[in-house]
Amino acid sequence: MKQDNLNLLQNIKRIEVSDLLYDKIVLKIEQNRINTVPFYKVGIAASLLFAMIISQLFMISKSEKMNTPSIGKMINLVEINNNSLYHE
Amino acid sequence: MTTEDLYHKYKNTVFNVALQYTNNIQDAEEVTQDVFIKVFDNLNKFRKESELKTWIYRITINQSLDCIKSKKRQKRSFIYSLFDSQLESDKNQITDFNHPGITLENKEVLENLMQKIYTLPENQKTVIILLKIEDLSQKEVAEIMKLNEGAVESLFQRAKTSLKKLL
């Protein structure tokens, strides 16, 4: 490669940028701002979800407590079954 | 300094550096927009003017290299989906060469040279662009690339050797 070739690079002209590009940048920044969900909204959504999960767990544990005797009754019914039909 | 002042001060530097990397007006504009968005977002971190200039150069270089990488990725996936076994060199070619800074006078030689520079490793490409096209000093280039001047010189020599082989 001739040394002249690299010096030719200095002949590349500088290009002036249009001022319109600044408006495009400002618009893009605005759009990014609109598309970004604020941190406080994420916090609210997360805490609501957490509260729902906690209340669900509470409800499940409570209903299990209520159901414990009925399960006991069912177990008793099974145990009571003495196949008396066959002795008739 | 307001963001608008900053834009007017550095717009041509950013755009022209991006153009030397991408060789395409649309891509250079895209890179310029992304660079200024990053600059405006982090402006409060910089007080010294010299630091700011070096930092803007650095962001522009990184953004331009990212743009080239993503274009190569797109091209590769497109080519592979079509033919599956294209030559590796094909993805290194600039298919949409549109450099308004290259005049008719030396168009053929310069286009060929820019095509070859495009295929160089990132560091060598950056040294050639900053030293030879942007006409920065070796000290400035070293500062931008976070290297010492000796390393910049050695990268430049390596780039010259690589180009000699390619041309």
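Helix 2 of chain B (residues 25-41) has 17 residues and, at 1.5 Å a residue, should span 24 Å, which agrees with the 24 Å between its end C-alpha atoms; the expected span is 1.5 Å times one less than the number of residues. Helices are DSSP runs of H or I with at least four residues, numbered from the N terminus.

The model is predicted, with local features needing pLDDT of at least 70 and side-chain atom pairs pLDDT 80 or more, while totals for chains, interfaces and linings use all residues. Residues are numbered from 1 along each chain as its sequence is written, and chains are lettered from A and ligands numbered from 1 in the order in which they are written.

Among the buried residues of helix 2 of chain B are B:V31, B:V35 and B:V39; buried means that 20 or more other C-beta atoms, placed from the backbone, lie within 10 Å of the residue's own. These three residues also belong to the contact with helix 1 of chain B, where contact requires C-beta atoms, placed from the backbone, within 7 Å.

The axes of helix 1 (residues 3-22) and helix 2 of chain B, lines fitted to C-alpha atoms over the stretch in contact, come within 8 Å and cross at roughly 140°.

Between chains, 19 residues of chain A are in contact with 27 residues of chain B. Helix 2 of chain A gives the most to that side of chain A, with six residues.

| Contact | Nonpolar | Polar | Charged |
|---|---|---|---|
| Helix 1 with helix 2 of chain B | 12 residues | three residues | one residue |

Ala, Val, Leu, Ile, Met, Phe, Trp, Tyr, Cys and Pro count as nonpolar, Asp, Glu, Lys and Arg as charged, and the others, Gly among them, as polar.

Conventions:
Two residues are in contact if their C-beta atoms, placed from the backbone, lie within 7 Å. Helices (H or I, at least four residues) and strands (E, at least two) are DSSP runs, numbered from the N terminus. A residue is buried if 20 or more other C-beta atoms lie within 10 Å of its own, exposed if 12 or fewer, and partly exposed in between; C-beta atoms are placed from the backbone. Axes are lines fitted to C-alpha atoms, for helices over the stretch in contact, and angles run from 0 to 180 degrees between N-to-C directions.
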